[in-house]
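Trainee: Could we go through this structure together? I would like to begin with its core.

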Amino acid sequence: HLTTLERICEIFVYNDLLTSASKQTDKFIKLCYISAFIISSLSLSINRFMKPFTPILGETFEYVGSKDHFRFISEHVSHDPLISAFIGENDYWAFYGDNRSKDNLKILKGANQTEFDSKYHFKIKSTNDYYTINKPTLLSKGLVIGATRFDFVGTTIISNVNDPSIKSEITFIEASRKTSTGSFE
């Protein structure tokens, strides 16, 4: 079983998309690569039913990869509320944030809605382009009766802080009961 700190590191399995974004000169192609990274990182939650272990306060996890000098560190910084902070970076970019959230548990409906309070931050080192990214709401169903499933719902907005006219909006919709995966527009 993984801890929350290790699960956060998993989003960087496709970090080559961020490296490709960092090397683009066209601002809209750059935004497409960042959007693809966000979608790919959320796809890792599909068909995962095991909740990761909560680390002890002050526990850290570090990973150093040989590809593009990628390095990652995360730390569990608060137990109530549960907050883990992280940074992943290489020679081209830095991506950081935390996992602050609030749950809205509906026991009778067997559902939980997790809304993320914090944003991710992405900075391209060579150009100082800076983006903020909010996460969509995580909807958990079937917690009491039926098959457990997870869907991301709502809109993710990726905004270029330096140029507010450049942004991407990705809307996630709940999967129908006939399918096991969500979809996006």
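**The nonpolar core and its surroundings**

Mentor: The largest nonpolar core has 29 residues, and those with the most contacts inside it are Phe12, Phe37, Phe95, Phe122, Ile133 and Ile158. Please keep in mind that this is a predicted model.

Trainee: Which elements give two or more residues to this core?

Mentor: They are the helices H1 (4–10), H2 (16–23) and H3 (27–43), together with the strands E4 (93–98), E7 (119–124), E8 (130–134), E10 (149–160) and E11 (167–173). The largest share, five residues, comes from H3.

Trainee: Let us take isoleucine 133. Is it buried or exposed?

Mentor: Isoleucine 133 has a relative accessible area of 1%, so it is buried. This residue lies in strand E8.

Trainee: And what is isoleucine 133 in contact with, leaving aside neighbours within four places in sequence?

Mentor: Its contacts are Ile34, Ile38, Phe95, Lys119, Tyr120, Phe122, Thr156, Ile157 and Ile158.

Trainee: What does isoleucine 158 touch?

Mentor: Not counting residues up to four places away in sequence, isoleucine 158 touches residues including Leu31, Ile34, Ile38, Ile133 and Ile170.

Trainee: Turning to the helices, how do the axes of H2 and H3 cross?

Mentor: The two axes come within 8 Å and cross at roughly 170°. Because that angle is over 145 degrees, H2 is roughly antiparallel to H3.

Trainee: Which residues make the contact?

Mentor: H2 contributes Leu17, Leu18, Ser20 and Ala21, while H3 contributes Lys30, Tyr33, Ile34, Ala36, Phe37 and Ser40. By class, seven residues of this contact are nonpolar, two are polar and one is charged.

Trainee: New topic: how many aromatic pairs are found in the whole structure?

Mentor: The search finds 17. One of them joins phenylalanine 12 and phenylalanine 72; this pair is tilted, at 5.7 Å centre to centre and 55° between the planes.

Trainee: Where do phenylalanine 12 and phenylalanine 72 lie?

Mentor: Phenylalanine 12 is in the loop between H1 and H2, whereas phenylalanine 72 is in strand E2, so the pair links distant parts of the chain, 60 residues apart. Phenylalanine 12 is buried, at 3% relative accessible area, and phenylalanine 72 is buried at 2%.

Trainee: What about tyrosine 63 and phenylalanine 70?

Mentor: They also form a tilted pair, with 6.1 Å centre to centre and 50° between the planes. Tyrosine 63 is partly exposed at 40%, but phenylalanine 70 is buried at 3%.

Technical notes. Residues are numbered from 1 along each chain as its sequence is written. This is a predicted model: local features need pLDDT of at least 70, side-chain atom pairs count only at pLDDT 80 or more; totals for chains, interfaces and linings use all residues. Side-chain values use heavy atoms; hydrogens and water are left out. A nonpolar core is a set of buried Ala, Val, Leu, Ile, Met, Phe, Trp, Tyr and Cys residues joined through side-chain atoms within 4.5 Å. Buried means under 20% relative accessible area, exposed over 50%, partly exposed in between (1.4 Å probe, protein chains only). Helices (H or I, at least four residues) and strands (E, at least two) are DSSP runs, numbered from the N terminus. Contact means heavy atoms within 4.5 Å. Axes are lines fitted to C-alpha atoms, for helices over the stretch in contact, and angles run from 0 to 180 degrees between N-to-C directions. Angles under 35 degrees count as roughly parallel, over 145 as roughly antiparallel, 65 to 115 as roughly perpendicular and the rest as oblique. Ala, Val, Leu, Ile, Met, Phe, Trp, Tyr, Cys and Pro count as nonpolar, Asp, Glu, Lys and Arg as charged, and the others, Gly among them, as polar. Rings of Phe, Tyr and Trp (its six-membered ring) pair if their centres lie within 6.5 Å; planes under 30 degrees apart count as stacked, over 60 as edge-to-face and the rest as tilted.
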